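Hello,

Here is the structure we talked about handing over. Please have a look at it, then read the notes below.

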Amino acid sequence: MTETQEVESLGLNFTQILDAAAKLPGVRINRDTYLRTALKRHCTEEQIEKAIAESPAAAGIPLKVITEVANTSIKYETSKVTGLSALSGIPGGLAMIGTVPADLIQYLGHMLRISQKLAYIYSWPDLFADEGEEIDEATESMLVLFVGVMFGVQIAQSGVSKVAAMVAANVAKKLPQKALTQGVIYPVVKKVAGYLGVSMTKKLFASGVAKAIPVVGAVLSGGLTLSTFLPMSNRLQKHLASLELTKPGHRINETEIVPAEVFE
């Protein structure tokens, strides 16, 4: 098998793991409920309704509030990931991924949770447009890019930026399906999935999952979680905050983005 074929094969494996994580109970975040809960302490009812109907940026919510909400979400998910057993039980139909440790899927589930929360507070449209069990291809592609940014894959940042520009330009209330599934972004998605697959397969499974991703035993100590999940979440936050999508014309840089911190 050539290196290119190997990368593509591993990329497919990564999307299978991602799909499994997306099916875990509690992983999908309801955009409307999240925004209402996250903003109720900071905004008027009118602002909240406009943020839900359009976006937090369109509602004129100050960047200081957006940053505070994002940091609160990061702290919450970082704390919660230390108890991976909270997301217990993988739904039926996932036996095909029996070689993947459940803890890894659950950990990725938390990455998907914080990705959704950060996306919504930074004015992205609903990533899960339907309530079906299966995620559509465009959503899967977008989540691959978000996870890629969290892992520091440079090309993933470029992909997220391009999708954000498309959403902002069209004032879209949903993801650009064609671009993410067969258009200009799709090749980027395949490359990112390939890199993530290589990373997880070679670094995690070859040398032991605990050396790279915190499993239950390591998570209980807290240290390994803080050294992985927290900086990855901050990395995604920083990138999303830099995009025009969160400042459509009227948004200005009121403060610098201060990364979230979690203290033992």
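**A buried lysine**

At a relative accessibility of 8%, Lys 117 counts as buried, because the cut-off for buried is under 20%. Please keep in mind that this is a predicted model.

Where does Lys 117 sit? Lys 117 is part of helix α5, which covers residues 102–121. Its side chain has a polar partner: the side chain of Glu 77, at 2.8 Å.

Now turn to Lys 80. Lys 80 belongs to helix α4, residues 63–80.

Which residues does Lys 80 contact, once neighbours within four places in sequence are set aside? They are His 110 and Arg 113. His 110 is 30 residues away from Lys 80 along the chain, yet their C-alpha atoms are separated by 8.3 Å.

**Helices α2 and α3**

Next, a pair of helices. Helix α2 spans residues 31–39, and helix α3 spans residues 45–53. Their axes come within 10 Å and cross at roughly 150 degrees. Angles over 145 degrees count as roughly antiparallel, so α2 and α3 are roughly antiparallel to each other. Their crossing is right-handed.

On the α2 side, the contact involves Arg 31, Asp 32, Leu 35, Arg 36 and Leu 39. These meet Glu 45, Ile 48, Glu 49, Ala 51 and Ile 52 of α3. By class, the contact of α2 with α3 has five nonpolar and five charged residues, with no polar ones.

**Helices α6 and α7**

One more pair. Helix α6 (residues 137–150) and helix α7 (residues 154–170) have axes that come within 8 Å. The crossing angle is roughly 130 degrees. α6 and α7 are therefore oblique to each other. The crossing is left-handed.

Which residues make the contact? From α6 they are Met 142, Leu 145, Phe 146, Gly 148 and Val 149. From α7 they are Ala 156, Gln 157, Gly 159, Val 160 and Val 163. The contact of α6 with α7 has seven nonpolar and three polar residues, and no charged ones.

Best wishes

Terms used:
Residues numbered from 1 in each chain as written. Predicted model: local features only at pLDDT ≥ 70, side-chain atom pairs only at ≥ 80, totals over all residues. Heavy atoms only, no water. Axes fitted to C-alpha atoms, helices over the stretch in contact; angles between N-to-C directions. Helix = DSSP H or I, 4+ residues; strand = E, 2+ residues; numbered from the N terminus. Parallel < 35°, antiparallel > 145°, perpendicular 65-115°, else oblique. Left-handed = near helix turned anticlockwise from the far one by under 90°. Contact = heavy atoms within 4.5 Å. Nonpolar A, V, L, I, M, F, W, Y, C, P; charged D, E, K, R; others polar. Buried < 20%, exposed > 50% of the residue type's maximum accessible area, 1.4 Å probe, protein only. Polar contact = N/O pair within 3.5 Å; in protein donor to acceptor, adjacent residues only side chain to side chain.
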